[in-house]
Amino acid sequence: MARLLHLSDLHFGAHDEDLVEAVERKADELKPDLVVISGDFTQRARTEQFREACEFLEGLRDRGHEVIGVPGNHDVPLYDVLRRFFSPLARYRRFIDETLCPFVELPAVAVLGVNTARSLTFKDGRINKHQVEFIRETFARTPSDSMRVIVTHHPLFALEVEGEVERAIGRQEMALDAVEESGVDMVLAGHNHHASSQDASDLVTRAGGVLVVQAGTATSTRVREQEQSFNVIDIAEASATITVYAWKGDEFKASDAQRYQHQDGRWRILKSTEPAH
């Protein structure tokens with residue numbers, strides 16, 4: 001079994017320090033094999049905000065946690081026009097990770113991050129042909145029995161959030177072709193500050209076989225209808241349990257757990273399980 005701790009939308013610069021410390025404590029308690037962060041490390045991509053995010057990451061690593069992450073649209077400068085178009089992710093590369101599409105292999109699980117943040121869009125994300133080929137080439141080198149996971153900031157699928165349908169990633173069809181051809185089992189994303197999980201066939205007819213997992217915001221004060229939260233993903237052979245840890249005023253507590261089994265080419269919901277503590 002492998003355990004992923006899925007954080008997203010940290011928004012340093014618009015964060016709550018109590019939440020940051022609570023995430024750190026819970027990470028140490030839960031002992032994940034990998035911490036996955038699906039973008040928006042900062043609120044406005046300012047140097048001091050990246051420094052705070054860097055300190056958070058260094059603290060996790062110093063305590064023995066392996067971390068993988070991808071940029072979000074908030075990690076691209078909004079008001080610094082020259083930097084936005086000529087070196088949009090220079091600060092991200094300096095403080096977070098030089099690699100924009102990182103890859104980590106665990107026993108029986110392969111996790112690939114894909115950068116969807118772009119200078120030309122203020123909110124929405126895109127994928128390009130080079131990244132699609134990189135997805136295919138990377139997973140072609142992984143064992144056929146590995147659970148294959150893609151991490152992006154922007155959702156690959158159009159999702160309903162609080163009664164409104166949020167747009168899918170730009171060039172979605174190309175992305176879905178790569179996901180299907182590469183045998184991807186699970187896609188993790190953030191952006192909407194709304195935790196959810198479901199089989200992709202519930203969203204797009206031709207994209208069954210992929211479990212779509214969204215994380216809420218872990219540490220930001222910018223919440224919608226849901227409180228701050230993060231996901232714990234326990235992966236076993238042909239199954240996955242997604243547990244949402246939600247902020248309850250003094251700590252993050254397991255508030256919902258859903259188990260899925262991969263059967264007949266799609267993820268099927270099993271009966272809900274008691275949240276793990």
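Mentor: Contact means heavy atoms within 4.5 Å. By that rule, residues 24 or more positions apart make up 68% of the protein chain's contacts with a separation of 6 or more. This is a predicted model, in which local features need pLDDT of at least 70 and side-chain atom pairs count only at pLDDT 80 or more, while totals for chains, interfaces and linings use all residues. Residues are numbered from 1 along each chain as its sequence is written, and side-chain values use heavy atoms, with hydrogens and water left out.

Trainee: How many helices and strands does the protein chain have?

Mentor: Six helices and 15 strands. Helices (H or I, at least four residues) and strands (E, at least two) are DSSP runs, numbered from the N terminus.

Trainee: Why is the pair Phe50 and Phe95 called stacked?

Mentor: Rings of Phe, Tyr and Trp (its six-membered ring) pair if their centres lie within 6.5 Å; planes under 30 degrees apart count as stacked, over 60 as edge-to-face and the rest as tilted. A search of the whole structure gives seven aromatic pairs. For Phe50 and Phe95 the ring centres are 6.3 Å apart and the planes stand at 5°, so the pair is stacked.

Trainee: Which parts does the pair tie together?

Mentor: Phe50 belongs to helix α2 (residues 47–62) and Phe95 to helix α4 (residues 90–95), so the pair links parts that are 45 residues apart in sequence.

Trainee: What makes Phe50 count as buried, and Phe95 likewise?

Mentor: Buried means under 20% relative accessible area, exposed over 50%, partly exposed in between (1.4 Å probe, protein chains only). Phe50 has 0% relative accessibility, so Phe50 is buried. Phe95 has 10%, so Phe95 is buried too.

Trainee: Is the pair of Phe230 and Phe252 stacked, edge-to-face or tilted, and why?

Mentor: Their ring centres are 5.0 Å apart and their planes are at 55°, so the pair is tilted. Phe230 is in strand β12 (residues 229–236) and Phe252 in strand β14 (residues 252–263), so this pair ties together parts that are 22 residues apart in sequence.

Trainee: How do you know that the span of helix α1 agrees with its number of residues?

Mentor: The expected span is 1.5 Å times one less than the number of residues. For the 14 residues of α1 (residues 17–30) that is 20 Å, and the end C-alpha atoms are 20 Å apart, so the two agree.

Trainee: Why are the buried residues of α1 said to line one face?

Mentor: The buried residues of α1 are Leu19, Val20, Ala22, Val23, Lys26, Ala27 and Leu30. Down the helix axis they fall within an arc of 165°, so they line one face; the arc is that of the directions from the axis to the C-beta atoms. An α-helix has 3.6 residues a turn, so residues three or four places apart point the same way. Their cover includes β1 (2–7), α2, β12, β13 (239–247) and β14.

Trainee: What follows α1?

Mentor: Lys31, whose phi is positive, near 55°.

Trainee: Is Arg93 buried, partly exposed or exposed, and why?

Mentor: Arg93, in helix α4, has a relative accessible area of 32%, so Arg93 is partly exposed. Leaving aside neighbours within four places in sequence, Arg93 is in contact with Glu98 and Leu100.
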